[in-house]
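Thanks for coming, everyone. Let me walk you through one model. Please have a look at it first.

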Amino acid sequence: MNWSPLDAQFMAQAIQLAAKGRYTTTPNPNVGCVIVKQDKVVGQGYHHQAGGPHAEVMALRQAGEQSRGATCYVTLEPCSHFGRTPPCAQALIDAGVTKVVMAMQDPNPAVAGSGAQMLQAAGIEVVSGLMADAARALNPGFLSRMERGRPLVRLKLAASLDGKTALANGKSQWITSVEARADVQHFRALSCAVLSTAETVLQDQARLTLRAEQANHPISPMQDGEWRQPVRVILDARQRLTGDEPLFQQAGDVLLVYPAGSAATAPDHAKTCYAELDSDGYFDLMAVFAALKDCAFNSLWVEAGARLAGSLLQAGLVDELVLYQAATLLGHHSRSLVDVPELTDLSQAIELSWQDIRHVGPDLRLIARVHTQEK
């Protein structure tokens with residue numbers, strides 16, 4: 001397909017619109033739409049939050065009668081099914097658009113080509129593939145859940161220059177800077193859930209919430225109302241959390257993962273799910289992810305200790321590392337970054353590829369893609 005410069009311009013505008021919903025649309029994807037007539041934009045919109053109007057409907061409302069005979073540029077295939085809202089494909093048909101340019105097909109099995117077929121059956125021209133890579137980049141978590149059956153997993157780590165996360169006595173607050181801790185809020189806001197352990201909650205008195213006082217940070221400032229609290233998923237194999245911890249005193253949902261067969265009573269206001277333990281008494285992480293499948297989490301942000309970090313890496317369940325590195329040295333007696341079994345050959349090393357390196361205050365933030373194979 002030969003795309004014109006105007007085609008690229010309108011789709012780029014739709015992609016920019018879609019990105020505005022990055023903190024609020026979960027579990028739905030980020031989608032943007034532009035309605036064009038006689039080479040002029042007559043309507044535009046993006047999906048704000050699940051349960052609300054989709055991008056196409058927002059754009060059609062703005063375009064009004066000018067939608068008839070217009071072209072629709074949309075970052076994802078219009079839906080064809082009734083969910084919490086009516087199908088967008090039918091809305092486009094009813095509005096009288098004559099052409100739909102979509103960046104990519106929707107991998108959701110409930111759509112997956114049926115939206116385009118519905119439009120074509122109504123006599124609307126449908127073309128696809130314009131700026132598909134940029135459109136995919138809008139929704140890495142949604143695509144992971146639809147294509148792989150699990151959320152995109154980002155593992156957050158904070159360490160000294162020599163790769164230490166705490167002193168031998170456990171003291172770790174704070175290795176990294178105020179700016180780095182503010183930057184973490186951005187990733188929490190992008191995530192459907194934060195995964196941690198009872199050990200981390202108890203040792204650090206962790207709340208694991210997105211904090212409004214830190215919302216404006218150096219990398220990607222958030223405006224009021226642009227974010228919501230992620231679900232806090234806590235692995236509690238020994239049912240140690242009582243409900244008195246700061247974690248439970250904050251707004252937002254808490255999901256406690258208990259061992260299968262446990263008769264423990266969860267603290268008030270906390271939800272529960274269950275997963276098998278392994279032979280060492282730790283959670284089988286594959287079982288944990290299976291238990292979380294019905295939660296429809298697109299992305300999971302992990303903040304925990306070296307053991308869980310190492311176990312997730314060993315299991316091939318980490319997609320990205322986000323490492324905040326301070327310009328300090330803590331020495332060899334301090335605690336290590338990740339706990340993995342001893343390697344006997346360099347071929348066993350977990351391979352990474354750098355995606356982004358930048359300063360955040362006095363620290364470095366390094367983002368790496370993990371190349372381990374899922375097991």
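This is a predicted model: local features need pLDDT of at least 70, side-chain atom pairs count only at pLDDT 80 or more; totals for chains, interfaces and linings use all residues.

Ala 89, Gln 90, Leu 92 and Ile 93 of helix 3 meet Gly 115, Met 118 and Leu 119 of helix 4. Helix 3 covers residues 88–95. Helix 4 covers 114–121. Helices here are DSSP runs of H or I with at least four residues, strands are runs of E with at least two, and both are numbered from the N terminus.

How do the axes of helix 3 and helix 4 cross? They come within 9 Å, at roughly 20 degrees. That makes helix 3 roughly parallel to helix 4. The cut-offs: under 35 degrees is roughly parallel, over 145 roughly antiparallel, 65 to 115 roughly perpendicular, and the rest oblique. Axes are lines fitted to C-alpha atoms, for helices over the stretch in contact, with angles from 0 to 180 degrees between N-to-C directions. The crossing of helix 3 and helix 4 is right-handed.

Residues are numbered from 1 along each chain as its sequence is written, and side-chain values use heavy atoms, with hydrogens and water left out.

Two strands pair if DSSP finds at least two bridges between them. Cys 33 stands opposite Gly 45 in strand 2.

Next, the backbone. Most residues other than glycine have a negative phi, and most peptide bonds are trans. Where is the cis peptide bond? It joins Thr 26 and Pro 27, with omega about 5 degrees. Pro 27 sits in the loop between helix 1 (5–18) and strand 1.

Ala 112 has a positive phi, near 40 degrees. Its place is the loop between strand 4 (99–102) and helix 4. Ala 112 is partly exposed, at 37% relative accessible area. For that scale, buried means under 20%, exposed over 50%, and partly exposed in between, using a 1.4 Å probe and protein chains only. Gln 239 also has a positive phi, about 50 degrees. Gln 239 lies in the loop between strand 9 (231–235) and strand 10 (254–259). At 31% relative accessibility, Gln 239 is partly exposed.

On to helix 10, residues 306–314: Leu 308, Ala 309, Gly 310, Leu 312 and Leu 313 are buried there. Just after helix 10, Gly 316 has a positive phi of about 70 degrees.

Last, the cysteines. How many disulfides does the structure hold? The count is 0, with a disulfide taken as a pair of cysteine sulfur atoms within 2.5 Å. For Cys 273, the nearest cysteine sulfur is that of Cys 295, 6.1 Å away. Cys 273 is buried at 12% relative accessible area, and Cys 295 is partly exposed at 32%.

How values were computed. A crossing is left-handed if the near helix is turned anticlockwise from the far one by less than a right angle, and right-handed if clockwise. Contact means heavy atoms within 4.5 Å.
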